[in-house]
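Open the structure in your viewer and keep the selection tool at hand. The tour has two parts.

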Amino acid sequence: MAEWNEPAVPPPVISLRGIVNRFGRQVVHDGVDLDVRRGEVMGIVGGSGTGKSVLLRTIIGLNRPASGSIEVLGKQLLDLSETERRKIEERWGVLFQNGALFSSLTVAENIEAPLKEHTRLGPALRREIAELKIRLVGLAANADDKLPSELSGGMKKRAGLARALALDPEILFLDEPTAGLDPIGAAEFDQLIASLQQSLGLTVVMVTHDLDSLAAICDRIAVLVDKRIKVGTLAELQRDDHPWIRAYFHGPRARAAGVSGEAEMPPPPESHSPSNPAP
């Protein structure tokens, strides 16, 4: 009789184990484990000082952890040579919170910058790719030759996103992508990310504080609490009884965003304090 085997679970595209980040005597992360599945949108949230952006910078190599391991696309990043690391960096794109555009370069030149650094493409082909990416993120044709100072906040975000997509990455890292945008602009940017993720097959890791974004586009959410991390779907985290998680997903801002899930909240724990004895 033939044996029935469960389908193999594909390895995570990003795997963190035992990550410790400290600055002087301050420990920000103390044994963080995180797996990101290929093709998912993972949101990272947490209170002030929990090191959301620090964790993102650690994954992409801008901050070296005190201990732990980081595996991305099957490679142990902390063990790679500089040449090997440059090759793996070509397979991801990063959008920083402020766009991080070069102020002296036009939008098209900003997008061409990673193409110049990582490829041997000629000027004409680089320009063609830049124009394609500009259209892909919904910028107007006349944005090509504008300087960052001539762009609105939303346009800067889109230009930064176009540059992050220049090398056709497999993974997209976003640091507070909707920060500073009005609600309409933030919703449009969320939909842009969702559309690009689906059409390009991207894996997206997004640091955010925006509850609307979590509800709109995230498959799972990683919450930084107590110097570690809890991961689950929105519905799962709404049932978590950790005080900060309860406050975040059931507070006034969550109710305003329509994600509070009040009906699914567990009842508060009963008090175990002894009652006063009768006289």
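The stops below visit some aromatic rings and then a pocket. Keep in mind that this is a predicted model.

**Aromatic rings**

The model holds three aromatic pairs. Select W244 and Y248 to see one of them. Their ring centres lie 4.8 Å apart and their planes meet at 15 degrees, so this pair is stacked; the cut-off for stacking is under 30 degrees.

Now show helix α9, residues 243-250. W244 and Y248 are four residues apart in this helix, which means about one helical turn separates them.

Buried or partly exposed: which is W244? W244 is partly exposed, at 27% relative accessible area. Y248 has 16% relative accessibility and counts as buried, because the limit for buried is under 20%.

Y248 and F249 make an edge-to-face pair, with 4.9 Å from centre to centre and 85 degrees between the planes. F249 is buried, as is Y248. Keep W244, Y248 and F249 on screen together: ring pairs link them into a cluster.

**The largest pocket**

Move on to the largest pocket. Its volume is about 580 Å³. Select W92, V94, P114, E117 and H118, the closest to its centre among the 20 lining residues.

Which helices and strands supply at least two residues each to this lining? Colour α2 (82-89), β6 (92-95), α3 (107-118) and α5 (153-164) to see them.

Finally, colour the lining by residue type. It divides into 11 nonpolar, three polar and six charged residues.

Definitions and conventions:
Residues numbered from 1 in each chain as written. Predicted model: local features only at pLDDT ≥ 70, side-chain atom pairs only at ≥ 80, totals over all residues. Heavy atoms only, no water. Phe/Tyr/Trp six-rings, centres within 6.5 Å; stacked < 30°, edge-to-face > 60°. Buried < 20%, exposed > 50% of the residue type's maximum accessible area, 1.4 Å probe, protein only. 1 Å grid on protein atoms, 1.4 Å probe; cavity = no way out; pocket = protein on both sides within 12 Å on 5 of 7 lines; lining within 4 Å. Points joined across faces, edges and corners; volume = space filled by probe spheres on them. Nonpolar A, V, L, I, M, F, W, Y, C, P; charged D, E, K, R; others polar.
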